[in-house]
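Welcome! Take a look at the model below, and then let us walk through it together, topic by topic.

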Amino acid sequence: MSGARVVLLGGTKGIGRAMARILSQRGDRVLLLGRDVDDLERSAADLAVRSGAAAILSARCDLADPSTFAGAIAHAEEVLGGIDRVVVTAADFATQEELEATPDRALALCAINFSHTVAFCEHARAALARAGGGVLCVFSSVAGERGRTPVVIYGASKAGVTAYLEGLDHRFRRDGLRTVCVKPGFVHTSMTAGLKPPPFAGEAEQVAAMAIKGMDRGTPVVFAPSIWRWVMLVIRNIPRFVMRRIGF
Ligand SMILES: NC(=O)c1ccc[n+]([C@@H]2O[C@H](COP(=O)([O-])OP(=O)(O)OC[C@H]3O[C@@H](n4cnc5c(N)ncnc54)[C@H](OP(=O)(O)O)[C@@H]3O)[C@@H](O)[C@H]2O)c1
């Protein structure tokens, strides 16, 4: 579907930026939300040059500050004349060691990635309902599939997002809301800069294209790259005592 009115939180970097580029180039009207207004304006102007469309006003929305959510969604509804799709790629990341050493940092990450993301999605869901349904596409992670030693806290925050989206799907699909939960494996972006890539590492453009295909089809869960669907099928079935023994 092109020509859709899309709100994207997280379009200044990485996978979100790649999604914004693809969507605007195919003719969707993309409104960017993010925490740094100057950065947003630069990104929106860049998208306008690439797509040949008029720049669409972006708006401040900081996942660390829930007081920005209602205004950002209201602004998007007004500028776009209604919202067909909302995409959330924005999230926080830190290593397990960093989070263990700094409890306040752990609390902030859990809030940004889970409770504040849910609160933002609740505003988005209401706006999509006002337009008659639509698509809510949110990035979780394969890290949310099992509790694992390198990503105990980040993984738990993503597990919460995954469960929330599954519940929304069951509760609101009959009302026209389609939820798309994207679960990337390791992707080369600023979030993973400096980390050692594991096997099957993906690129932002590739994951962005898969997420958009998932939105177009209304696929509830998208693993990206797709090999992770099969890797996770195995990992979900490894008994806990084996996980403990191999120090997974
Ligand atoms: N990269 C991976 O390997 C990987 C793997 C699994 C899942 N994921 C998930 O995929 C999604 C996209 O990741 P990515 O690799 O593209 O990340 P990224 O390159 O680090 O980009 C993150 C985006 O989130 C925005 N953001 C961060 N904190 C924010 C806040 N408090 N309020 C509003 N926006 C905020 C950033 O905006 P600024 O420009 O202001 O910083 C940026 O646009 C995330 O949900 C991530 O958890 C990524």
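Helix 1 (residues 14–25) gives the most to the shell around the ligand, with 3 residues. Helices here (H or I, at least four residues) and strands (E, at least two) are DSSP runs, numbered from the N terminus. This is a predicted model, in which local features need pLDDT of at least 70 and side-chain atom pairs count only at pLDDT 80 or more, while totals for chains, interfaces and linings use all residues. Residues are numbered from 1 along each chain as its sequence is written.

**Around the ligand**

- The ligand is surrounded by 28 residues, and the closest are G14, A90, A91, T189 and M191. A residue is near a molecule or strand if its C-beta atom, placed from the backbone, lies within 6 Å of it.
- What kinds of residues make up the shell around the ligand? They divide into 12 nonpolar, 10 polar and 6 charged. Ala, Val, Leu, Ile, Met, Phe, Trp, Tyr, Cys and Pro count as nonpolar, Asp, Glu, Lys and Arg as charged, and the others, Gly among them, as polar.

**The whole chain**

- You can find 9 helices and 9 strands in the protein chain.
- The radius of gyration of the protein chain is 18 Å, close to the 18 Å that the globule rule gives for 248 residues, so the chain is as compact as a globular protein of that length. This radius is taken over C-alpha atoms, and the globule rule is 2.2 Å times the number of residues to the power 0.38.
- The C-alpha trace of the protein chain spans about 55 × 40 × 30 Å along its principal axes.
- Among the 248 residues of the protein chain, 44% count as buried. A residue is buried if 20 or more other C-beta atoms lie within 10 Å of its own, exposed if 12 or fewer, and partly exposed in between, with C-beta atoms placed from the backbone.
- Of the contacts in the protein chain with a separation of 6 or more, 65% come from residues 24 or more positions apart. Two residues are in contact if their C-beta atoms, placed from the backbone, lie within 7 Å.

- In what order do the 7 strands of the open sheet lie? The order is 3-2-1-4-5-6-9, with parallel pairing. Strand 3 (59–60) and strand 9 (221–224) are the edge strands, and each pairs on one side only.
- Two strands pair if DSSP finds at least two bridges between them. Strands of a sheet pair through backbone hydrogen bonds, either parallel or antiparallel.
- Strand 1 runs parallel to strand 2 (residues 29–34), and 5 bridges join them. In this pair, L8 stands opposite L32 in strand 2.
- Strand 1 is largely enclosed by the rest of the structure, because 5 of its 5 residues are buried. R5, V7 and L9 on one side and V6 and L8 on the other are all buried, which leaves both faces covered.
- In a regular strand the side chains alternate between the two faces of the sheet.

**Strand 5 and its surroundings**

- Strand 5 is mostly covered, with 6 of its 6 residues buried. G134, L136 and V138 lie on one side, and V135, C137 and F139 on the other.
- Strand 4 (residues 85–88) and strand 5 (residues 134–139) run parallel and are joined by 4 bridges. R85 stands opposite V135, and V88 stands opposite V138.
- Strand 5 is also joined to strand 6 by 6 bridges, again running parallel. Here V138 stands opposite C181 in strand 6.
- Helix 5 (residues 103–130) lies across strand 1 (5–9), strand 4, strand 5 and strand 6 (177–184), at about 165 degrees to strand 5. Axes are lines fitted to C-alpha atoms, for helices over the stretch in contact, and angles run from 0 to 180 degrees between N-to-C directions.

- The peptide bond from A224 to P225 is cis, with omega near -10 degrees. P225 lies in the loop between strand 9 and helix 8 (227–236).
- F200 is not a glycine, yet it has a positive phi of about 65 degrees. You will find F200 in the loop between strand 7 (187–188) and strand 8.
- E203, in strand 8 (residues 202–203), counts as partly exposed because it has 14 C-beta neighbours inside 10 Å.
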